[in-house]
Amino acid sequence: MSDIQKDLVQFKIMMLRVMPFYGDIMTKLSIVETPSISTAATDGIRIMYNKDFMKSLNAGERNFVFMHEVFHVLLMHTRRKKERDPRLWNVAADFVVNDMLRNKLGPKMNKEGIPFSAPKSGMYAEIYHTESVEYIYDKIVEDNRDSGPGQDIIRVRDRYSNYGSYHSKNVKINVDLIPERITEKVGDCEPGGDCLSGHYHNPDELLNDEKLKEIIAGLVREACSKGNAGRSAVGSYYVPEPMLNLTVGKALNWKSILKKYVTQKQSDDSSYATPERKYIHMDLILPGHCEDEEVIEEVWAFVDTSGSVSMEQLQTFLRQLYVIVKDCGCVLNLAYWDTQVTDVYRGISKAKELEHSMPHSSGGTNINCVYSWLEKEKITPDIMVILTDGYYGLLEDRYKSAKLRKKTIQVINSEIIEHEELLAVGRIARL
């Protein structure tokens, strides 16, 4: 056993003791020495490293690199790439992971006496949309539209958000997401063999997005089942929400959520919790008016017109929404938005009116325009339904409201993984 491997074993032991959620997962992931890798990398199921590179780092930096690759695996960064530029996607994923490690997990590591420090050669930026690699990727693409394909030097920002100033600089790309390795033998690790939870998986199965997601979800679920994890954190240390979301079952259906919400609010205007006072002296207890019960009169629907929602999806959504609202006796209001609220249709009372309630513009995406418009119009929705792909930027703190979030259903038509900033807007369901 090499010195690097001995240090890795020691790191796993410390993690099992201090952060058992990650320690349990690290003991089941294959972490192998591979001369063909220049630094460290993952194919989505295995972690590979070059021993000479690791020798150039101190103990804290090595631990940081190992956790960097673990986060790539658990956040499924190799599979979420889809058809995106792999070089730019890699940079975006590195920015997000390194921000999590430096600012959220690292302080706890150091407090518990585990050596943990960021290598100087890594990719770092100040991140506000923390768990969304897709968001950062879009910004990087936007900043490099004039660059030729295949270039090793790209332009990046020192901070990413929808507002505020930033500085740009040129950096050299370092690729550590290499999904093509998934069917190759790496060290003593056969393709698909002994790579996750000590089980053998057919390479074809690992190339299937849904099956791979379930395999990794099983890995996370097993670590959670031992009392190592909660919904948003494990003990006193950080675990990204998308990792825990892997353990969630079938996606919620927006139609069921909306119908249940509206009918529960309007089904009964009396309750024994507030008995009719004028009969109490007769020892007769009858249900009284439930003053705290909120009556749903209007439903506001906001549709993202940035190009992410197809016309077929829009028409299906509107038809189903209209039926639910009509059955519950509510008023339907509809508005379209991109970087501003554009077309507004109030009081839709007939199905044929939907045919004329279509958007007439499209552009970028900024969720804050919806809240700014509501504030300007002095509208407080009884319930709000937002049809979007979820890639709409960061909701500003001044618009974050626990009361409105509880009344908001986000109908998502993409495969975006839930993250903290997405949940800050409202409940999530799938189209």
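User: At what angle do the axes of H1 and helix H4 cross?
Analyst: In this predicted model, the axes of H1 and H4 (residues 59–74) cross at roughly 70° and come within 11 Å. Angles of 65 to 115 degrees count as roughly perpendicular, so H1 and H4 are roughly perpendicular to each other.

User: What about H1 and helix H2, at what angle do they pack?
Analyst: H1 (residues 3–18) and H2 (residues 20–28) pack at about 140°, and their axes are 6 Å apart. That angle makes H1 oblique to H2.

User: Why give both an angle and a distance?
Analyst: Because two packed helices are described by the angle between their axes and the distance between the axes.

User: Is the crossing of H1 and H2 left-handed or right-handed?
Analyst: H1 passes H2 in a left-handed crossing. From H1, the contact is made by Leu-8, Phe-11, Lys-12, Met-15, Leu-16, Arg-17 and Val-18. From H2, Pro-20, Tyr-22, Gly-23, Asp-24, Met-26 and Thr-27 take part. By class, the contact of H1 with H2 has eight nonpolar, two polar and three charged residues.

User: Changing topic to the sheet. In what order do the six strands come?
Analyst: The order is S14-S13-S12-S15-S16-S17, in an open sheet with mixed pairing. Strand S14 (341–348) and S17 are the edge strands, and each pairs on one side only. From one strand to the next, the twist averages 20°.

User: Which strands does helix H12 lie across?
Analyst: H12 (residues 311–327) lies across S12, S13, S14, S15 and S16, and runs at about 155° to S13. Helix H14 (residues 368–377) lies across S12, S13, S14 and S15, at about 55° to S14.

User: Back to S16. How many of its residues are buried?
Analyst: Five of its five residues are buried, so strand S16 (residues 408–412) is mostly covered, with buried meaning under 20% relative accessible area.

User: Which of them point one way and which the other?
Analyst: Thr-408, Gln-410 and Ile-412 point one way from S16, while Ile-409 and Val-411 point the other way. In a regular strand the side chains alternate between the two faces of the sheet.

User: In what sense does S16 pair with strand S15?
Analyst: S15 (residues 383–388) and S16 pair in the parallel sense, over five bridges. Within that pairing, Leu-387 has Val-411 of S16 as its bridge partner. S16 also runs parallel to S17 (residues 427–430), joined by four bridges. There, Ile-412 stands opposite Arg-430.

User: One last residue. Where is Asn-90 found?
Analyst: Asn-90 is in helix H6 (residues 86–111).

User: Buried or exposed, and why does Asn-90 count that way?
Analyst: Asn-90 counts as buried because its relative accessibility is 0%, and buried means under 20%.

User: What is Asn-90 in contact with, leaving aside its neighbours within four places in sequence?
Analyst: Asn-90 is in contact with Asn-174, Val-175, Asp-176 and Leu-177, with those neighbours left aside.

Note on methods:
Residues numbered from 1 in each chain as written. Predicted model: local features only at pLDDT ≥ 70, side-chain atom pairs only at ≥ 80, totals over all residues. Heavy atoms only, no water. Helix = DSSP H or I, 4+ residues; strand = E, 2+ residues; numbered from the N terminus. Buried < 20%, exposed > 50% of the residue type's maximum accessible area, 1.4 Å probe, protein only. Contact = heavy atoms within 4.5 Å. Axes fitted to C-alpha atoms, helices over the stretch in contact; angles between N-to-C directions. Parallel < 35°, antiparallel > 145°, perpendicular 65-115°, else oblique. Left-handed = near helix turned anticlockwise from the far one by under 90°. Nonpolar A, V, L, I, M, F, W, Y, C, P; charged D, E, K, R; others polar. Pairing = 2+ DSSP bridges.
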